[in-house]
Amino acid sequence: MNSRTDEKTFRRINRRELLKLTPVLALGAFAIPTLQKPLLKAGLGFSDWASGKLFRSGHLAQTFADSDLTPFNQFPINGYDVDDPQVDFDKWNLTVTGAVSKPADYTLAQIQTLPKFTQNTRHVCVEGWDVVGKFGGVRLSDFLAMIGADTTARFVYVECADDYYESLDMATAMHPQTLLCYEMYGQPLTRAHGAPLRLTIPTKIGYKQAKYLTDLKVTNVLERAGYWEDQGYSEFYGL
Amino acid sequence: MSTQAIAIENAKTRELTEAVYEHPLIVRLCHWVNAVALFVMVGSGLQIFRAFPSFGAKIPQKDLINWPKSFAIGGWLGGALQWHLTFMWIYLATGLIYVGYQVFSGNYKQVLFVRRDLPGVWPMVRHYFFFGPKPPVREAYNPLQKHAYTSAIGLGVLSVVTGFAVWKPVQFSWLAWMMGGFHLARVWHFLIMWAILGFVFGHLVMVVLHGWNNFVSMLTGWKKDPEYLSK
């Protein structure tokens, strides 16, 4: 099995083998400022695509016993600018537009005519912490039926009283644990936690679960994906 | 497994030196790309950790360590997540290609740690750490090396598995459950990173101790005059 060669040929073999490693240098593209941004965007986009494929409509997030709840006063309040955007509850309603057969301003009382669901689920923040909370509200899927939404549309887009905005893929919007939440821990939602109405989505990361909702739009096209998404966070971020 | 060998003739002395093709191209490619990916994963992971440097409650928050920003990649949480969620695929792909190649080529036999390597571990440890006599070198990889590289693959698998439990604790709820829930999965993911860094440290020390000829073999594949042939 042994073949023979001279030192010169052996050096040439070595050089050739070393050159075969040049594909590794392709990673250097990530160090080039003008390429870095689009490459990382593509990488994040691939992760989001994979996330969408991994999402299972029928798979429920774990629910917990009351004894597992994080105490209410230890449930963090994460507002991106203000804890209380001064919503006037008497004048509040949810403005529905887009691909729906019944666009209108919906009052909280109208929304609360839908069946109420209460669930103890985990809330995971992108920062890394997690808490278990008790959330009560109506299924977003029920509300979408109420407003006559075209559920073949791709997104549900929401805007908030504090200029925050978010979007959801339709599959997640239709998930049975995705709630329009008006209660936490059996009490009406507090202002700091997003009164009068917020999203609770146990299959999504925390920043997708927008508070103080004011507007809801069913749409195929997103002008903006979300407050944090537009700064570089994942658009899908399903758990 | 057929290892290519070649005899190199010195032009003047006519002396022959043996060289062995130890690392096939695919192994070398995977090694270096994975090394870069690991570097990025650790750096961006530490930046992600900086956003909540704790494993306890959010309220009250007790920070474990204030990891310096200069030893992290991404600049901020969102940037670090972009790096992490991009390079995890490169890390995973090179790992899968490497393991797949090792299995299908039979190459794994020279490096996989098996039961009969067990008695050889202590003599090597004694030699490396306690100035014991050097055990005879019979194979490309000594028992301690096999143990280190096999463990490293195990740790690599665990880093991916715990990572998926942290990234997708709902879709992979069974994974998170196996690790004691999402909260603990994050702890495991962090600990496994340190274990991998421990391996990398030992690996680099050994690379330095074993010299240039050994290092070059991971670049060109060829190792000149390997110890296990000369004796």
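How many bridges join strand β1 of chain A to β1(B), and do they run parallel or antiparallel? In this predicted model, 4 bridges join strand β1 (residues 3-6) of chain A to β1(B), and the two strands run parallel. Strands pair if DSSP finds at least two bridges between them. Helices (H or I, at least four residues) and strands (E, at least two) are DSSP runs, numbered from the N terminus. Within this pairing, Thr5(A) stands opposite Ile8(B).

Residues are numbered from 1 along each chain as its sequence is written, while chains are lettered from A and ligands numbered from 1 in the order in which they are written. Local features need pLDDT of at least 70, side-chain atom pairs count only at pLDDT 80 or more, and totals for chains, interfaces and linings use all residues.

The β1 strands belong to an open sheet of 4 strands. The order is β1(A)-β1(B)-β2(B)-β3(B), with mixed pairing. β1(A) and β3 (222-224) of chain B are the edge strands, and each pairs on one side only. Neighbouring strands are turned by 30° against each other on average, direction ignored. Within chain B, strand β2 (residues 16-21) runs antiparallel to β3(B), joined by 3 bridges. Here Lys224(B) of β3(B) is the bridge partner of Ala19(B). Helix α1 (residues 7-19) of chain A lies across β1 of chain A together with β1, β2 and β3 of chain B. This helix runs at about 95° to β1(A). Axes are lines fitted to C-alpha atoms, for helices over the stretch in contact, and angles run from 0 to 180 degrees between N-to-C directions.

The interface involves 41 residues of chain B and 45 residues of chain A. Contact requires C-beta atoms, placed from the backbone, within 7 Å. On the chain B side, β1 (5-9), α1 (25-51), α2 (77-105) and α6 (182-220) each give two or more residues. The largest share, 9 residues, comes from α2(B). This side divides into 26 nonpolar, 10 polar and 5 charged residues. Ala, Val, Leu, Ile, Met, Phe, Trp, Tyr, Cys and Pro count as nonpolar, Asp, Glu, Lys and Arg as charged, and the others, Gly among them, as polar.

Helix α2 (residues 33-54) of chain A meets α2(B). Their axes come within 8 Å and cross at roughly 70°. The two helices are therefore roughly perpendicular (65 to 115 degrees). Leu40(A), Gly43(A), Leu44(A), Phe46(A) and Ser47(A) make the contact with Gln82(B), Trp83(B), Leu85(B), Thr86(B) and Trp89(B).

Technical notes:
Two residues are in contact if their C-beta atoms, placed from the backbone, lie within 7 Å. Angles under 35 degrees count as roughly parallel, over 145 as roughly antiparallel, 65 to 115 as roughly perpendicular and the rest as oblique.
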